[in-house]
Each structure stands twice: as structure tokens, then as C-alpha cells.
Amino acid sequence: MKREDVLWAVASFLGGVALLAVGIYQHLWAPAPLFAVPLAITCLGVAVRRSRPLLALGLGVVAFAGDFAMGFSLGTVIVVTDNFYAAVRYGPRVLGRWMLGITSVFAVVAGVAAGILMREVETAAVILVQCALVGTTPVITGMIIRQLEDQAAAERARAEQVARLAELDRAAAVQAERARMARELHDMIANHFSAIAIQSTAVLSRADLDGDTVRAVLGSIRENSLQGMTEMRSMIGLLRRDDEEAEAVRRRVAEAGELAERAREAGLEVRFQVDGEVRELPVPVDLAGYRIIQESLTNVLKHGGKAADVVVGYRPGAVTLTVDNPLGDAGRRHSGADTGASTGTDAVMSAGAGIIGMRERVALVGGELDAGPYGDGWRVRALLPTEGLA
């Protein structure tokens with residue numbers, strides 16, 4: 001039994017005794033003190049109303065029947081209504097529907113019987129209303145309160161579910177942002193540093209280079225260093241922004257010619273071609289296309305290639321990017337890039353992340369990517385849609 005229920009039962013008993021003391025009862029044969037017995041029984045039902053709701057209902061019915069047999073006691077009748085209410089609210093769910101039907105039928109039968117016995121419509125109406133107030137009203141009240149509690153519980157469960165879904169969405173968004181940042185950092189740093197490492201290694205390994213060649217290589221190294229620093233500053237500035245502008249470092253496919261020029265400075269023979277009319281592309285397509293060409297040219301350098309053919313094709317609703325490395329040995333060495341089977345500077349700079357990153361970029365814009373041996377060399381071909389993007 002709960003402490004507050006016991007206290008409420010004691011208070012109900014004392015209130016019922018006070019009503020008996022002032023004579024608010026009608027007796028047929030029993031003296032006033034005897035009415036305290038059904039009152040005590042129904043108050044015991046109040047004490048177990050939440051822990052044993054069916055027991056409280058049984059005690060209430062027994063007490064009401066005993067009180068009705070002796071006459072009528074207002075205190076007992078009032079407490080019985082709490083027994084009915086507690087049984088519906090805390091008992092089995094189906095009990096409420098049964099009790100509503102039983103109490104409604106009882107009220108109607110009692111009213112009709114009283115009208116027949118007393119031959120007075122007014123008396124029948126009064127008794128019907130009284131029975132309804134004693135039996136039907138607490139049952140309906142208990143059903144309403146229980147329904148409201150169920151709705152509140154459902155709302156709490158729904159709110160918890162929404163909170164869990166929001167947390168999952170937040171975690172997914174954080175993971176996606178980390179993956180995007182990893183791709184950007186790889187493309188911005190690894191590609192520039194790969195060219196720097198390759199060129200500096202070549203200078204250190206060749207003792208027969210003249211001054212002009214060394215200065216040209218150092219100039220290319222300086223250009224790649226500055227370009228990498230510029231892009232890194234842009235990324236850091238973007239991460240420090242407080243607003244929600246989604247546009248990152250804006251690189252465009254139209255600037256692919258600059259990539260070809262820097263590759264030529266690094267010693268790679270690049271044949272660059274634009275097929276179709278150059279036009280403005282969506283931001284994600286522009287950035288993905290630029291990074292794919294950048295990564296492809298860097299891979300050619302890392303795997304010892306000497307030449308590359310770059311073709312940018314503007315098609316209706318799409319743009320195609322093709323980078324061919326026609327050298328057989330270098331092309332075969334590309335096959336290790338997809339699995340991370342690279343050594344030396346290549347392993348430090350990429351370890352297979354380049355082609356994986358290109359596939360991720362293409363997947364984000366709903367395009368297609370083919371990267372693998374082609375003829376006696378290696379080909380990277382991407383198809384990026386320019387329409388229907390969110």
C-alpha cells in the first residue's frame with residue numbers, strides 16, 4: 001500500500017464517521033454505529049486502490065451492498081465512488097468497458113423499478129440520476145483520466161523517439177562532415193605535397209642537373225607549396241565561419257587548365273582538351289570534377305607516368321572527365337592505388353585513399369566513375385550529372 005493512499009483512507013473514514021455522527025444516514029433496522037462497518041470496508045479499499053485495484057472494487061461492492069441492506073449512509077456511498085474510479089483507472093483496461101455497461105444498466109433498472117413500485121415518475125427519475133452519479137460517473141471519469149494518461153505516455157514515447165532520431169541524424173551528419181573534410185584535406189594537401197615530394201626527390205637524386213633545371217623545379221615546388229597553403233587557409237577560414245553557407249573552397253572544372261599547367265611544371269607532359277561549350281556547373285559538380293582531375297594527375301606523377309591526356313566534355317545534362325595515362329608500366333603500377341599497395345612517398349601521401357575519395361565524390365552527385373587499366377595504360381573516366389541535383 002502506498003502511504004498517500006493509506007492517509008486518504010484514514011481521512012475518508014473519519015469523514016464518514018463525522019457524517020454518521022450528525023445523522024446523515026437512513027436506517028431500516030440497524031443502529032448508527034453498525035453503519036461504520038461498511039464504511040471501514042470501503043475505506044480499506046481506498047488504502048489498496050493503486051496496489052490492488054480489483055480488491056478495492058470487490059470491497060466497494062461488498063460495502064455498498066451491506067450499507068444498502070441496512071438503509072443508506074452518505075459517507076459509504078461517497079467512498080464507494082472512489083473504489084469504482086480506482087478500479088477503472090488502475091485495473092485492467094477491459095474492466096472499464098464492463099463496468100460502464102453494468103453501472104448504466106443498474107441505474108436504468110433501479111430507476112424503472114422504483115417508478116413501478118412507487119408509481120411516481122419523479123421518484124424514478126431521481127433514483128436513476130442518483131444511481132448514475134454513484135456508479136456511472138466515477139467509471140466514466142476513470143476512463144477519461146486513463147485515456148489522457150495513455151495519450152501523455154504516448155506523447156512522451158514519441159518525443160523520446162524523435163529525440164533519438166535527432167541524435168542519430170546529428171551523428172550521421174557529423175560523420176558525413178568528417179568524411180567530407182577528410183576528402184577535402186586529402187585533395188588539398190596530399191596532391192600538392194605529393195608533387196613537392198616527387199620533385200624534391202628527383203632533384204636530390206640527380207647530380208647532373210644544371211642550374212636552370214634546378215631553379216625550374218624549385219619554382220614548381222614553390223608554386224605547389226603556395227597553392228597548398230592558400231587552399232589550407234581557405235579551408236580553415238571556412239571551418240571558423242559561424243554561418244551555414246555550404247559553399248566550400250570554390251574550385252571549378254573550368255580551372256582544370258591550371259592543373260594541367262602545374263603538372264607540366266612538375267615534368268609531366270599533359271595534353272589538355274575541352275570538348276563542347278564551357279558553361280557554369282553546379283557547385284558540387286564543379287568541386288568534384290576539379291578534385292577528380294587533380295587526383296588523377298597526381299596519381300600519374302606518383303606512379304612514374306610521363307604523359308597524360310585530359311579531356312573535359314560538356315554534354316547535355318552532364319559533364320565527362322577523362323584522364324588517360326598511356327604508359328604501360330606506369331599504368332600497371334596504378335592498379336595498386338585502389339588497394340593501397342604502394343610504397344615510399346606514395347604510401348605516405350595516399351595509401352589508396354585517392355581513388356576511394358574520387359568514388360565517394362562521384363557518388364555524392366549521383367554520377368559514375370571508371371578507374372582501371374585501359375589498353376596499355378590507365379584511365380580514369382567520370383560522368384557527372386549537372387541536372388536534377390538538390
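These legends walk through several close-up views of one predicted protein model.

**Before you start: how the values were made.** Residues are numbered from 1 along each chain as its sequence is written, and side-chain values use heavy atoms, with hydrogens and water left out. Because this is a predicted model, local features need pLDDT of at least 70 and side-chain atom pairs count only at pLDDT 80 or more, while totals for chains, interfaces and linings use all residues.

View 1. Of its 390 residues, 40% count as buried. Buried means under 20% relative accessible area, exposed means over 50%, and partly exposed is in between, using a 1.4 Å probe and protein chains only. Take the contacts (heavy atoms within 4.5 Å) with a separation of 6 or more: residues 24 or more positions apart account for 72% of them.

**View 2. Asp 67, a buried charge without a salt bridge.** Asp 67 lies in helix H3, which covers residues 53-70. Asp 67 is buried and has no salt bridge. That term stands for a side-chain nitrogen of Lys or Arg within 4 Å of a carboxyl oxygen of Asp or Glu. The nearest side chain of opposite charge belongs to Arg 49, and that is 19 Å away. For this count Lys and Arg are positive, Asp and Glu are negative, and His and the chain ends are not counted. What does lie 2.9 Å from a polar atom of the Asp 67 side chain is the backbone nitrogen of Ser 73. Leaving out residues up to four places away in sequence, Asp 67 touches Phe 35, Pro 38, Phe 72, Ser 73, Thr 76 and Val 77.

**View 3. Ala 63, another residue of helix H3.** Ala 63 is in helix H3 too, and at a relative accessible area of 1% it is buried. Setting aside neighbours within four places in sequence, Ala 63 is in contact with Pro 38, Ile 41, Thr 42 and Thr 76. Pro 38 and Thr 76 also turn up on the list for Asp 67. Ala 63 and Val 37 sit 26 residues apart in sequence, yet from C-alpha to C-alpha they are 8.0 Å apart in space.

**View 4. Tyr 25 and Phe 35, a tilted ring pair.** The structure holds two aromatic pairs. Rings of Phe, Tyr and Trp (its six-membered ring) pair if their centres lie within 6.5 Å; planes under 30 degrees apart are stacked, over 60 edge-to-face, and the rest tilted. In this pair the centres of Tyr 25 and Phe 35 are 5.3 Å apart and the planes meet at 45 degrees, so the pair counts as tilted. Tyr 25 is partly exposed at 22% relative accessibility, whereas Phe 35 is buried at 0%.

**View 5. Phe 64 and Phe 68, a stacked ring pair.** Here the rings are 6.4 Å centre to centre with 20 degrees between the planes, which makes the pair stacked. Phe 64 and Phe 68 are four residues apart in helix H3, so about one helical turn separates them. Phe 64 is partly exposed, with 25% relative accessible area, and Phe 68 is exposed, at 59%.

**View 6. Asp 150 and Arg 93, a bridge between two helices.** A search of the whole structure finds 14 salt bridges. In the one between Asp 150 and Arg 93, the closest N and O atoms are 2.5 Å apart. Asp 150 is in helix H6 (residues 121-205) and Arg 93 is in helix H5 (residues 93-118), so the pair ties together parts that are 57 residues apart in sequence. Asp 150 counts as partly exposed, at 32%.

View 7. Arg 271 forms a salt bridge with Glu 269, with the closest N and O atoms 3.0 Å apart, and another with Asp 309, at 2.4 Å. The bridge to Asp 309 links distant parts of the chain, 38 residues apart: Arg 271 is in strand E3 (residues 269-275) and Asp 309 in strand E4 (residues 307-315). Arg 271 is partly exposed at 37%, as are Glu 269 at 47% and Asp 309 at 21%.

Methods
Polar contact = N/O pair within 3.5 Å; in protein donor to acceptor, adjacent residues only side chain to side chain.
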